[in-house]
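Here's a quick tour of a protein model for you. Have the sequence and the 3D view handy, and follow along topic by topic.

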Amino acid sequence: MSHSDGEPTPFERVAERETSRTDYYREILDRNVVAPLRILISDTRGLFGIGSILFFVFLGTVGVWLTNQPESTQYILLPPFQDAAHPLGTGRYGNDVLLQLIHSTPFMLQMIAGGAVYNITMAVIVGTFAGYKGGRIDEFLMTIVDMIIAVPALPLVIVLAVIFEPTNPIVVGIVITLPSWAGLSRALRSEVLSVRTHSYIEASRTMGLPTASILRHEIIPNLMPYIMINFVNAARRVIFASVGLYFLGVLPTSGIMNWGVIMNTAYETGSLYTLDTAHWIILPMIMVVWLSYGLIMFGQAADKVYNPRLRARHATTMTQETARTEEAES
Amino acid sequence: MKERLHDKSNAQQTQDPIYQVRNVSVAFDMDRGTSRVLDDIDLDIERGEILGVVGESGSGKSMFADSLLNAVVSPGQLGGEVIYNTEDGQSVDVTELTDEELRKFRWQEASMVFQGAQDSFNPTRKIRTHFVETLDAHDADIEDGMDRARELLSDLYLEPDQVLNSYPHELSGGMKQRTLIALSMLLDPEVIVMDEPTAALDLLMQQSIVRLIREIKGKYDVTIIFITHDLPLLAELADRLAVMYAFEFVEIGLTDGILEEPSHPYTRALLNSTPNIFAPVEDMTAIEGSAPDPVNVPTGCSYHPRCPMATDACVESDPGYYETNANHGVKCHYWEDVDNAIPLQVTADETRQVDVPAYGPVAMGTDRTPVLTLDDAEVHFESSQGLFAEPDAVRAVDGISLDIYENEVIALIGESGCGKTTLGKTAIGLQRPTGGSVSFRGQDIWDAKDGHGDVEIPHEAIRQSLQIIHQDPGSAINPNRTVRHTLELPLKHYNDELDMGDRQARILGMLETVGMTPPEDYADRYPHQLSGGEKQRVTLIRALLMEPDLILADEAISALDVSLRVEMMDLMLDLQEIFDTAFLFISHDFSNARYITEKSGGRIGVMYLGEIVEIGTVDEIINNPKHPYTKSLVWATPDLDETGENEDVPLRKIDIPDARNPPSGCRFHTRCPEARETCARKKPVLVGDGGNTHEVSCFRDVPNHEYWDSPELMNDEPSDETPTEK
Amino acid sequence: MNWYIRRTLQALLTVYGVITFTFVLIRIMPGGPMESMRAQLIQQHQGSLTTEDMERINRIVETRVNIDPDQPLYTQYVDYVSSVLTGDLGQSTWHQAPVMDLLIERLPWTIFLMGSSITLSFALGITLGAIMAYKEGTILDVGLSSYSTFMTSVPYYVVAVLLVYFLGYQWDYFPIQGRMAPQTTPGLNYPFLAGVAYHLVLPVISVVITGMGGRALAMRGNSVRVMGDDFIRVARLRGLKPRTIAIQYVGRNALLPMYTNLMLAVGFMFGGAIILEEIFGYRGLGQLMYSSIGNRDLPLMMGCFLLITMTVVIALFIADLTYGKLDPRVQSGERHESF
Ligand code: SF4
Ligand code: SF4
């Protein structure tokens, strides 16, 4: 680490040796992908969350590809765990419940992704912009947001669903959570308000960085734990609302297969009167709860990924010296 | 009470001790071992004295405070005996009290004032409720108690009824702190433990409160334990001093004794590193090294890693208390040699000559073009921007003109809320002025930004030339980024001709320049892996990488430990020479402002309620202050040598008036001790002495002004209503 | 004062916005509800259409949705808004009765159901959260926290279905539908009130046990945070009674941020009434709205939507005003939102 004395100021300094690009990228990869993953699975909640999500993704892709569409058979209302051919039993039309569940997953996943991505995008854009800009812009946007918050979501969604009758899963996801971003963006905004007071934001402004870049590089990364939790919550909201509405048959069910639709069929065919059909209506409910619980666990663990202290500890490219200091200070 | 052998020191032999602290330790069990944040302390506290406890942050001084009230927060474990002697001769061990006894003991016998007065009150309850419920909880008579409360509050220069009817958020920091002191004395306790009670306040407020504490102590006859990191503050307040280092007391003695003949190397280093308004600046030095970790206290004398006199004996054996005289004990093997080994550098010398460096404004004349010019700049904030709010403008900056020259260092001082930060931000183009103009080398900054008129210097270039270093190093760097990443940003943005390797080299070079070696290691750290001083250096580098012409240092060193401040200021000045920048240095602390301006031959400007009331060379301002406000700031600046003097507060009112409704005429007239009737009506203007060396805005500086014939203003006159004449 | 005026205006603006929104939906949307209603009527009309027939059809449309297709757009708009504001929500196509009358009969029941659910779930959640916070780190806390977390991932209708299924159909402990016992007369008499309460049990339970978890966790977090605040420490040192500290210091300050939570919950839960009431066959607004969907009864559906929204807006407005009383910092314009 010796430096020649001849250099006039450190300003003119240029590279003495080429830093290897591969090293550089390896480091980036290590910090941004490997370390977070390691943090996630080092936590039971994270492990469960990631595991559940991967499981459903597997069902929705490979699972669908491996299995046939559920068809009507003569085995009507088989109870679960009796027949190896129909491990989870069959419904009133003799269709296999397991297959129904598997073939519902792609629709569910697309819908969840559509709704959650839409919500978080709207919320992040409106929330961070209003919070960062402040003043009149903020006041204007927040007045609108407050109005939207005051409108109960479900009735509004029902009205829209009845009028537009959406069937595409992504569109359904969006329609179902159409106004929900408002609450989220308000929450994000107040987070931004507190992040905004940090002096490093002002320092970036002083350096003349453009607003978009400050939002992207300085503000949003600090909100990531919060955004992740809210992303997960938005996803859960999609699941809850959609399954509820499909269950009641408010959303058009014909030609669509998802957990809510299964419950709806079971319900409509009088599932509540007899114990024989219990599995038919309860199994999709279990899927709903499982996925939603997995998402919560994932969200809670994701909080840690964005903690620089943990990230520093899990990155291998960190030198020993820094790691020790870190240890001493925690 | 058992008589313990005083193998410690006679300094502890007191006549009538109210507290006898014996072998007290506080330990926390942690993953990596036991953390001893208080290590076997012995100390007697005399009834009726003011004991000053001084130590750096993390030295265990707050734990000492907590242990006196047996209020150590779990999982901390308090060991040893804390004997409390009542006036009628009974002794109790505070550590053995039952919960109910403890509840009674606290506040009735011993109460406590914290640093965080801001958060010491329940935000949802009125101040009055706090008083009443305290009386109620101790079965005291409410009416008598509230009478006492009123008396206490007015003794502390507060309006009792107004304060009692307020919610906590409606009071200023200084008011809350004084209210908390009043609350602590409500039940007439024998002892008050004050843990950094003034740390968050302005110097003027600090000094005023210290003064009031002395008065109150005389009037109500209490024992006070005053804990602080600020040695000069104690010089004028405490009867005895106890210096804390690494979780134990290393030196105890009478205040005069300690200040005149400090016998512990640490105490000496502390004194030498304290910025002081009248001591020669060249003599201030920082303490090397850092305070020990409570899990890993060095063996033997815990100061040995930092002590210049350390020998093998120091590493091997822990020194006991040596008595230097009957009233002075010290934990150092070699205290007798300390005089020669570590000379005391701070000596009062008010008539010394200052060597003004060659590039100061005085030396270079005033005919140059300034880097930055503020012309009658105004910033008025509307306090609530609601649709239906009455416009309530806070005049943060009200008509200020100022030139900043190449390589100049200007320090702006004033109490919080005086608008100095807003002025600074206006100067570097972060805050748009609501009136007047700000120009960079003759180019109006905001015209450049908006593209009005002929833009000679593009906004981009101006933006790059004006940079900032913030007060709180903790929030000045994005916690989610490594140092390297943080520093890359400005380089990427302004120097696209640099490739990645060059950027790295430059960053590493800068890190090395500011003494963060090995730079490769520091570059990869996240902010939480840096100390406060190191973070501050990173922000300094970040600003310098932009190659600016002017840097605003907004209280840039206030958050650092005293011993680090000098070092940081030296670094800033060194870098200033290398990089050719001017500094606008904002501070509430006269000593720091003086240090940095004197070393660079700069100027000091004094701000009050949005206006500059006095500005001039450092020499003029320090040695020949003309404005009564400047004088009061000088008065408030702690000064180690004038101990024991007990002048009155040179102000008629302690609290700053509301900036939304500034007083008429001279804004200072409500507090000015020299105010006369004219001051309430007419507004003085800033007049100079011809050169650029001293300007002041006060009628007293104008001979034959009608001021001299007008009657003095009576105290508490509601002069706010008097109409203004210009 | 200022702040109250702002809040009031905001509430009015919201109401106005929602009315406009329904107008847009009904009228402007191409292929939207009014178009299809007209088309339907025209289809039903056999034979060739005369101008008079068209007139008649337009009249029908107008009585139903308060919009006269003949008028210019802005007149339609003004007429629509003023009739809604005067309480005329049109005519139900299915029930052949004024929408307003139908709604008014149902409204109290829904307010009653949702009001008790919200109150109970907040009251229980807050208590539970406070207990968890005071027992922080104990087995009780860990157990309750995990339970609460799990319960937040169960939708209320899942619990509702399971409850009706087992306690209603299978074991017959509770009524499977309805809102009051048969053969009782509404009024302050015991059989009626007992019947109402009996019918309320299952729906309320399903909302409370799923909704409570989230509140409890939020309250726990707030309380733990507040307990670490300096003023709590000072209060202890001042020798205040633990009870005072628990209620006036920790409780009150931990509750304030729950307000935001409540605000979002009100809208969410009232919306949820649609699913909940349908599952329990509880004849309230939600169930009315559900039935209007099946019957393609557009005016009724819009009316339900408007009324549910108004109820929520008013509830939020009241909540907001009381919040101002609880937190002295609000009126001074600082810290309006505390999350
Ligand atoms: S005992 Fe030794 S190391 Fe400790 S202060 Fe004295 S000389 Fe320094
Ligand atoms: S003008 Fe008057 S009030 Fe102002 S500082 Fe001078 S003497 Fe004091």
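Predicted model: local features only at pLDDT ≥ 70, side-chain atom pairs only at ≥ 80, totals over all residues.

**Chain B as a whole**
- Chain B has 726 residues, and buried ones make up 61% of them.
- If you count its secondary structure, you get 26 helices and 24 strands.
- Take the contacts in chain B between residues at least 6 apart in sequence: 69% of these join residues at least 24 apart.

**Zooming in on helix α4 of chain B**
- At the start of α4(B), look for Asp141(B): one of its side-chain oxygens comes to within 3.0 Å of the backbone nitrogen of Glu143(B).
- Past the helix you'll meet Tyr157(B), which follows α4(B) and has a positive phi, near 60°.
- Several residues of α4(B) are buried, including Gly145(B), Met146(B), Arg148(B) and Ala149(B). Leu152(B), Leu153(B) and Asp155(B) are also among the buried residues of this helix.
- What do the buried residues of α4(B) pack against? Their partners are four helices of chain B: α3 (127-137), α5 (160-164), α6 (173-184) and α7 (203-220).

**One residue in chain C**
- Now hop over to chain C and find Ser148(C), which sits in helix α6 (residues 139-152).
- Is Ser148(C) buried or exposed? Its relative accessibility is 1%, so it counts as buried, the cut-off being under 20%.
- Setting aside neighbours within four places in sequence, Ser148(C) has contacts with Met132(C), Gly213(C), Ala216(C) and Leu217(C).

**Around the two ligands**
- Ligand 1 has 13 residues around it, and the closest are Cys301(B), Cys307(B), Cys314(B), Cys332(B) and His333(B).
- The shell around ligand 1 splits into ten nonpolar residues, three polar ones and no charged ones.
- Which residues are closest to ligand 2? They are His627(B), Cys666(B), Cys672(B), Cys679(B) and Cys698(B), out of 14 residues that surround ligand 2.
- In the shell around ligand 2, ten residues are nonpolar, two are polar and two are charged.

Methods
Residues numbered from 1 in each chain as written. Chains lettered and ligands numbered in written order. Heavy atoms only, no water. Near = heavy atom within 4 Å. Nonpolar A, V, L, I, M, F, W, Y, C, P; charged D, E, K, R; others polar. Helix = DSSP H or I, 4+ residues; strand = E, 2+ residues; numbered from the N terminus. Buried < 20%, exposed > 50% of the residue type's maximum accessible area, 1.4 Å probe, protein only. Contact = heavy atoms within 4.5 Å. Polar contact = N/O pair within 3.5 Å; in protein donor to acceptor, adjacent residues only side chain to side chain.
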